[in-house]
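Keep the sequence and the 3D view side by side as you read. The paragraphs below go through the structure one topic at a time.

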Amino acid sequence: SFFRFIPFPFLHIFLTRYTCCTPTMPPSSAVVSSSKLCVSNLNGQTVFQLPGTVQRNQLQIENLVDCLVYVLDWCGSVVVDDCVRCTFVFGPVGGSLMIRDSSSCKLSVLCQQFRTRGCKECTVFLYCPTEPVVETSTKMGFCVYNAAIPRASSLIEQCGLDVAQPNKYNKVHDFNKGDESVPAPHVTFPAVDVLERHDFTDATGVVFEGEIPSSLRSALPEEILINCVKLDQISGCQASSSAGAGKAPEPPSTEATGSGELQPPLGTMRGRVKWFSRRRQCGQCVAAETGLGVFFFSRVVEPRNSQLLPDTEVEMDVTPSTKGPQATRVQVLAPVKRPRRKGPGMLAEASVDASLPSSSAPSVNEDPAQPGGNSAGLPGNSSSSPAHPRQHHPSQPRQAAQQVATRPSPQQAA
């Protein structure tokens, strides 16, 4: 009866974070090619983040159960929350990777900073030039990095991560060292006896073999078993198979792949203009579905000399570049018009004219008290009292009413 008075969102957070209950999610299709920056609420699926879909942005992963996640792109930062029995293979991360409240997970990552909180029984195959941080976690295994992923050298260069620096995966800083409230052991260092090579086959059938930089390969034993994991964008992940020992995987040849670069399926997408600088002749759009930031120059805008105000709806052709997604064509679909401002005198004059009926209203300079209709202030007028033919509304400016009274009538103009 107590839980009846608790709102459902707060009850859900309480049950998932502070009890042993695991959120149950219905299984769906086995393979997901995601281009969103947030992957959440999946059960038993294989997820591919293809090149060009993340880059300098932050990737958020949460509430996954029994999933395989392959990020074949470099990231600005990564946050993993509430995952159970999942395997993650990340491309290089230029910033930090944070994993929280997860259990029985396996991670392979190259990052600048690594931190865990509230995790248990996770294994991390890590390259990190700074000391990893562990907080309120137990049975965390840290191993040397042992993954070969497609286009690893190119992604590391784009990310700006210097893998020539010493790997400090085994110099873990434990915030709860000596704290008996956290079950021991907090950190372990298992030995690595296998090198995992991930070969990726895209939707067109082109195979991209996994590669590992020489500086990272030298940290592994020379005679080491190589397991080849076949990744398929259509059918998912196949079982690992032994590929031999003692030979490091080679980078993919340009003859087999054409250009040697895995082109991301960005294509045509719709979005809105976030900002545009006329002085710099460039701007940025935000994709409607993925929230991806796309840079563009004014020379690719159609039609030319269009007024690109914020929230202008556009359609753009997006291609990857060394500095992020860039548009080769920006078509303006629904331009946003800037509201036209009018002066207060013009508005007041128009309202005065509209308030007078056309048939019964006297002429502009006609005096109702004089039958001759002599206008006040003109020669031949003996009346000393100033004529004010129109009574202005108290809410209208007096100055506007006086301007209306001094206009010549049609009889005077004749």
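**Aromatic rings, cores and loops**

Phe 297 is partly exposed, with a relative accessible area of 27%. Phe 295 is partly exposed too, at 27% relative accessibility. Keep in mind that this is a predicted model. The ring centres of Phe 295 and Phe 297 lie 5.0 Å apart, and their planes meet at 90°, so this pair is edge-to-face. The charged end of Arg 299 sits over the ring of Phe 297, 4.5 Å from the ring centre.

How many aromatic pairs does a search of the whole structure find? The search gives six. Two numbers describe such a pair: the distance between the ring centres and the angle between the planes. Take Phe 114 and Phe 142. Their ring centres are 5.9 Å apart and their planes stand at 90°, so this pair is edge-to-face. The pair links distant parts of the chain. Phe 114 is in strand β9 and Phe 142 in strand β12, 28 residues apart. Are these two residues buried or exposed? Both Phe 114 and Phe 142 are buried. There is also an aromatic cluster, formed by Phe 48, Tyr 70 and Phe 200.

Now turn to the nonpolar cores. In soluble globular proteins, nonpolar side chains tend to be buried together. Here, the largest nonpolar core has 34 residues. Which residues have the most contacts inside this core? They are Ile 61, Leu 64, Phe 88, Phe 90 and Phe 114. Several strands each supply at least two residues of the core, among them β2 (38-43), β4 (55-65), β8 (93-100) and β12 (140-144). The largest share, four residues, comes from β9. A second, separate core has 32 residues. Phe 48, Leu 50, Tyr 70 and Trp 74 are included in this second core.

Look at Leu 64 up close. Setting aside residues up to four places away in sequence, Leu 64 touches a list of residues that includes Val 39, Leu 42, Val 69, Cys 86 and Phe 88.

Gln 60 is found in strand β4. Is Gln 60 buried or exposed? Gln 60 is buried, because its relative accessible area is 17% and the limit for buried is under 20%. Leaving aside neighbours within four places in sequence, Gln 60 is in contact with Leu 37, Cys 38, Val 39, Val 79 and Asp 81.

Next comes a helix. An α-helix has 3.6 residues a turn, so residues three or four places apart point the same way. Helix α2 covers residues 152-159. Its buried residues are Ala 152, Ser 154, Leu 155, Ile 156 and Cys 159. What do the buried residues of α2 pack against? They pack against β6, β8, β9, β13 (147-150) and β18 (210-211). Gly 160 follows α2, and its phi is positive, near 85°.

Most residues other than glycine have a negative phi, and most peptide bonds are trans. Arg 85 is not a glycine, yet its phi is positive, about 55°. Find Arg 85 in the loop between β6 and β7 (87-89). Arg 85 counts as partly exposed, at 46% relative accessibility. Lys 139 also has a positive phi, near 55°. Its place is in the loop between β11 (133-135) and β12. Lys 139 is partly exposed, with a relative accessible area of 43%.

Where is the cis peptide bond with omega near 0°? It runs from Ala 184 to Pro 185. Pro 185 is in the loop between β14 (173-174) and β15 (187-188). The peptide bond from Glu 302 to Pro 303 is cis as well, with omega near -10°. Pro 303 lies in the loop between β25 (301-302) and β26 (313-319).

Finish at another loop. Ala 203 is found between β16 (194-201) and β17 (207-208). With a relative accessible area of 48%, Ala 203 is partly exposed. Ala 203 and Gln 233 are 30 residues apart along the chain, and their C-alpha atoms are separated by 5.7 Å.

Key:
Residues numbered from 1 in each chain as written. Predicted model: local features only at pLDDT ≥ 70, side-chain atom pairs only at ≥ 80, totals over all residues. Heavy atoms only, no water. Core = buried A, V, L, I, M, F, W, Y, C linked by side-chain atoms within 4.5 Å. Buried < 20%, exposed > 50% of the residue type's maximum accessible area, 1.4 Å probe, protein only. Contact = heavy atoms within 4.5 Å. Phe/Tyr/Trp six-rings, centres within 6.5 Å; stacked < 30°, edge-to-face > 60°. Lys NZ or Arg CZ within 6 Å of the ring centre and 35° of its normal.
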